[in-house]
Amino acid sequence: MKKQSKAAMLEELMAPVIEAMGYDCVDVTFEKSGRDWVLTAYIDKEGGVGLDDCEAVSRRLSDLMDEKDPIEQSYFLEVSSPGIDRPLKKDKDFQRNMGKLVTASLYAPINGSKQHTGHLQAYDGETLTLTLEGGESFSVAMESVSKVAPEIEF
């Protein structure tokens, strides 16, 4: 089984438990780190998450993983905040960041640049629209976008 498909299967298993606890399941990864395998669940909630949140979710997920036993090899389970600068991946990530400053990285340059920074104006799953500095609107097909990440404003 490929890592991606295994991570997707694990997210499908873990997300309902995480969401029942009042958190968003932002992402799940299952990756080799040195000699060890690490299963990481990234959680978020309005106002952010702290160590107590991660600990509570970790306990619940540990019980779930012991019960369902979906992974053949030994691994470490981690629960983490995604961080304020994590890439936007899911529809709800984009909705949560409407009006905020983001940078869209592109596979190929448009208007002479592979990076465009502006306030997230619209997103429908197929097209991303930013309001650039100066007020002009910039729209791009998501198939041309390699990554969208929030910018930290001071």
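**Labels and their criteria**

Reply: Asp69 is found in the loop between helix 2 (51–68) and strand 3 (76–80). Helices (H or I, at least four residues) and strands (E, at least two) are DSSP runs numbered from the N terminus. The model is predicted, so local features need pLDDT of at least 70 and side-chain atom pairs count only at pLDDT 80 or more, whereas totals for chains, interfaces and linings use all residues. Residues are numbered from 1 along each chain as its sequence is written, and side-chain values use heavy atoms, with hydrogens and water left out.

Me: Why is Asp69 called exposed?

Reply: Asp69 has a relative accessibility of 58%. Exposed means over 50% relative accessible area, buried under 20%, and partly exposed in between (1.4 Å probe, protein chains only). The value for Asp69 is therefore on the exposed side of the scale.

Me: What makes the backbone of Asp69 worth a remark?

Reply: Asp69 has a positive phi of about 45° although it is not a glycine. Most residues other than glycine have a negative phi. Asn111, with a positive phi of about 55°, is likewise not a glycine. Asn111 sits in the loop between strand 4 and strand 5 (113–123), and it is called exposed because its relative accessible area is 69%.

Me: Which residues does Ser113 touch, and what polar partner does its side chain have?

Reply: Not counting residues up to four places away in sequence, Ser113 touches Leu106 and Ala108; a contact requires heavy atoms within 4.5 Å. A polar atom of the Ser113 side chain lies 2.7 Å from the backbone oxygen of Gln115.

Me: Why is the pairing of Ser105 with Gln115 called a polar contact?

Reply: The side chains of Ser105 and Gln115 are joined at 3.2 Å. A polar contact is a pair of N or O atoms within 3.5 Å; within protein, one must be able to donate a hydrogen and the other to accept it, and residues adjacent in sequence count only if both atoms are side-chain atoms. The distance between Ser105 and Gln115 therefore meets the limit.

Me: What else is known of the setting of Ser105, and why is it called buried?

Reply: Ser105 lies in strand 4 (residues 101–110) and counts as buried because its relative accessibility is 12%. Leaving aside neighbours within four places in sequence, its contacts include Lys114, Ser144 and Lys147.

Me: How do you know that Glu11, Val26 and Phe30 are buried?

Reply: Glu11, in helix 1 (residues 3–20), is buried because its relative accessibility is 17%. Phe30 lies in strand 1 (residues 24–33) and counts as buried at 3%. Val26 is found in strand 1 too, and 3% makes it buried as well.

Me: What makes a region a pocket, and how is the largest pocket described?

Reply: On a 1 Å grid over the protein atoms alone, a pocket is an open set of points with protein on both sides within 12 Å along at least five of seven lines; lining residues have an atom within 4 Å of a point. The largest pocket has a volume of about 490 Å³. Of its 20 lining residues, the closest to its centre are Asp44, Ile84, Asn97, Lys100 and Pro150. By class, the lining has 7 nonpolar, 5 polar and 8 charged residues.

Me: How many helices and strands does the protein chain have, and how much of the chain is buried?

Reply: The protein chain has 3 helices and 8 strands, in the order α-β-β-α-β-α-β-β-β-β-β from the N terminus. Of its 154 residues, 38% count as buried.

Technical notes
On a 1 Å grid over the protein atoms alone, a cavity is a set of points where a 1.4 Å probe fits but cannot get out, and a pocket is an open set with protein on both sides within 12 Å along at least five of seven lines; lining residues have an atom within 4 Å of a point. Grid points are joined across faces, edges and corners, and a volume is the space filled by probe spheres set on the points. Ala, Val, Leu, Ile, Met, Phe, Trp, Tyr, Cys and Pro count as nonpolar, Asp, Glu, Lys and Arg as charged, and the others, Gly among them, as polar.
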